[in-house]
Amino acid sequence: MLSRKGVIIRYILCLCFYLLSGTGLVTGWLAAISGVLGTIELATALLRYSPVYDLMAFLDIKFEPSKFWANKLELYRLSHLFNMTK
């Protein structure tokens with residue numbers, strides 16, 4: 001089950017893929033692939049379901065976003081503390 005933010009992101013991706021092929025920015029096979037990806041994103045948004053979650057459960061992949069973002073935030077704080085910005 002997708003969260004509300006996940007559904008909104010999928011609608012935005014769907015719109016982007018459709019606009020790419022619909023406005024003629026991409027043509028040929030790339031436009032066809034863009035249309036197919038737009039349809040897939042629309043279906044996942046409408047159903048509030050993504051098969052990626054089933055794949056992650058099948059492969060036993062665990063992703064903990066809180067730890068991931070906490071580590072990124074800590075690196076950001078340390079880089080600014082020691083003026084190690086790029």
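The expected span here is 1.5 Å times one less than the number of residues in the helix. Helices in this text are DSSP runs of H or I with at least four residues, strands are runs of E with at least two, and both are numbered from the N terminus.

Before going further, a word on what you're looking at. This is a predicted model, in which local features need pLDDT of at least 70 and side-chain atom pairs count only at pLDDT 80 or more, while totals for chains, interfaces and linings use all residues. Residues are numbered from 1 along each chain as its sequence is written, and side-chain values use heavy atoms, with hydrogens and water left out.

Now step back to the whole chain. The protein chain has four helices and zero strands, and reading along the sequence gives the pattern α-α-α-α. Of its 86 residues, 17% are buried. Buried means under 20% relative accessible area, exposed means over 50%, and partly exposed is in between, with a 1.4 Å probe and protein chains only. The accessible surface of the protein chain is about 7,300 Å², and 71% of that belongs to carbon and sulfur atoms. Those areas come from the Shrake-Rupley method with a 1.4 Å probe, and for residues only the protein chains shown count as cover. As for contacts (heavy atoms within 4.5 Å), take those in the protein chain with a separation of 6 or more: 60% of them are accounted for by residues 24 or more positions apart.

Back to α1, and to which way its residues point. Gly6, Val7, Arg10 and Cys14 are buried in α1. They cover an arc of only 95° around the axis, so they sit on the same side of α1. That arc is the one made by the directions from the helix axis to the C-beta atoms. Turn to the face of α1 pointing away from the buried side, and you'll find the exposed residues Arg4, Lys5 and Leu15. What do the buried residues of α1 pack against? They pack against α2. Just after α1, glycine 24 takes a positive phi of about 90°.

That brings us to α2. Its 19 residues should span 27 Å at 1.5 Å a residue, and its end C-alpha atoms are 27 Å apart, so this helix agrees with expectation too. The buried residues in α2 are Ala31, Ser34, Gly35, Gly38, Glu41, Thr44 and Ala45, and the buried residues of this helix pack against α1 and α3. Take serine 34 as one of them: it is buried because its relative accessible area is 5%. Leaving aside neighbours within four places in sequence, serine 34 is in contact with Phe17, Leu20 and Ser21.

Next, look for charges. Side chains of opposite charge can pair when their charged atoms come close. The structure holds one salt bridge, meaning a side-chain nitrogen of Lys or Arg within 4 Å of a carboxyl oxygen of Asp or Glu. Glutamate 41 forms a salt bridge with arginine 10, with the closest N and O atoms 3.6 Å apart. The pair links distant parts of the chain, since glutamate 41 is in helix α2 and arginine 10 is in helix α1, 31 residues apart. Are these two partners buried or exposed? Glutamate 41 has a relative accessible area of 17%, so it counts as buried, and arginine 10, at 18%, is buried as well.

Ile33, Val36, Leu37 and Ile40 make a nonpolar surface patch of about 340 Å². Patches are made of residues with over 30% relative accessible area and no salt bridge; like charges are joined within 9 Å, and nonpolar side chains (Val, Leu, Ile, Met, Phe, Trp, Tyr) within 5 Å. Leucine 37 lies in helix α2, residues 29-47, and is partly exposed because its relative accessible area is 35%. Isoleucine 40, also placed in helix α2, is partly exposed at 45% relative accessibility. The C-alpha atoms of isoleucine 40 and cysteine 14 are separated by 7.9 Å, though the residues are 26 apart along the chain.

Our last stop is arginine 48, in the loop between α2 and α3 (51-58). Just after α2, this arginine 48 takes a positive phi of about 55°, and that is a positive value in a residue other than glycine. Arginine 48 counts as partly exposed because its relative accessibility is 35%.
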